[in-house]
Amino acid sequence: MANTANIHFDQFLEEATINTYDRSDSALGRDCFYGLYTSWCLLNRSVPRPESAFWTAMKTKGIHPGGSGLAMTGPAAADYILASCPGLV
């Protein structure tokens with residue numbers, strides 16, 4: 001049986017990130033990546049795991065901040081961007 005935390009993080013990665021084919025200029029930094037995750041949790045009515053658990057899970061998936069080749073996408077990306085730059089609306 002799959003670990004529910006793994007399913008949770010896999011779902012986040014599937015719904016809120018897109019592979020940019022390792023282009024370093026579009027890679028998510030540490031704060032943005034966790035911020036995207038918390039936005040995704042908010043939209044999915046899920047309690048965010050602590051940041052340390054998030055990074056442990058990402059590390060087991062071979063994802064490191066700034067070197068992941070992942071960019072944000074979907075509703076969580078829009079929520080995160082609007083929350084980070086409230087003057088845009």
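Student: How many helices and how many strands are there in the protein?

Tutor: This is a predicted model, in which local features need pLDDT of at least 70, side-chain atom pairs count only at pLDDT 80 or more, and totals for chains, interfaces and linings use all residues. Residues are numbered from 1 along each chain as its sequence is written, and side-chain values use heavy atoms, with hydrogens and water left out. Helices are DSSP runs of H or I with at least four residues, strands are DSSP runs of E with at least two, and both are numbered from the N terminus. The protein has four helices and two strands.

Student: What pattern does the protein follow along the sequence?

Tutor: The elements include α1 (residues 4-16) and α3 (residues 51-60). Others are β1 (17-19), α2 (30-43), β2 (70-72) and α4 (74-84). Read along the sequence, the pattern is α-β-α-α-β-α.

Student: What percentage of the residues of the protein count as buried?

Tutor: Buried means under 20% relative accessible area, exposed means over 50%, and partly exposed lies in between (1.4 Å probe, protein chains only). Of the 89 residues of the protein, the share that counts as buried is 31%.

Student: How far apart are the end C-alpha atoms of α1?

Tutor: The expected span of a helix is 1.5 Å times one less than its number of residues. For the 13 residues of α1 this should give 18 Å, which agrees with the distance between its end C-alpha atoms, 18 Å.

Student: Within what arc do the buried residues of α1 fall, seen down its axis?

Tutor: The buried residues of α1 are His8, Phe9, Phe12, Leu13 and Ala16. An α-helix has 3.6 residues a turn, so residues three or four places apart point the same way. Thr4 and Glu14, on the other side of α1, are exposed. With the arc taken from the directions between the helix axis and the C-beta atoms, the buried residues line one face of α1, so they fall within 130 degrees.

Student: Is His8 buried or exposed?

Tutor: His8 lies in helix α1. Contact means heavy atoms within 4.5 Å, and, leaving aside neighbours within four places in sequence, His8 is in contact with Tyr37, Trp40, Cys41, Ser46, Val47 and Arg49. Its relative accessibility is 8%, so His8 counts as buried.

Student: At roughly what angle do the axes of α1 and α3 cross?

Tutor: Two packed helices are described by the angle between their axes and the distance between the axes. Axes are lines fitted to C-alpha atoms, for helices over the stretch in contact, and angles run from 0 to 180 degrees between N-to-C directions. The axes of α1 and α3 come within 11 Å and cross at roughly 75 degrees.

Student: Are α2 and α3 roughly parallel or roughly perpendicular to each other?

Tutor: α2 and α3 pack at an angle of about 105 degrees, with their axes 11 Å apart. Angles under 35 degrees count as roughly parallel, over 145 as roughly antiparallel, 65 to 115 as roughly perpendicular and the rest as oblique. That is why α2 and α3 are roughly perpendicular.

Student: Which residues on the other side of α3 are exposed?

Tutor: Phe54, Trp55, Ala57 and Met58 of α3 are buried. They fall within an arc of 160 degrees seen down the axis, so they line one face of the helix. What covers these buried residues includes α1 and α2. On the other side of α3, the exposed residues are Ser52, Thr56, Lys59 and Thr60.

Student: Which residues does Ala76 touch, not counting those up to four places away in sequence?

Tutor: Ala76 is in helix α4 and counts as buried at 3% relative accessibility. The buried residues of α4 pack against α1, α2 and β2. With residues up to four places away left out, Ala76 touches Ala16, Leu36, Ser39, Trp40 and Leu43.
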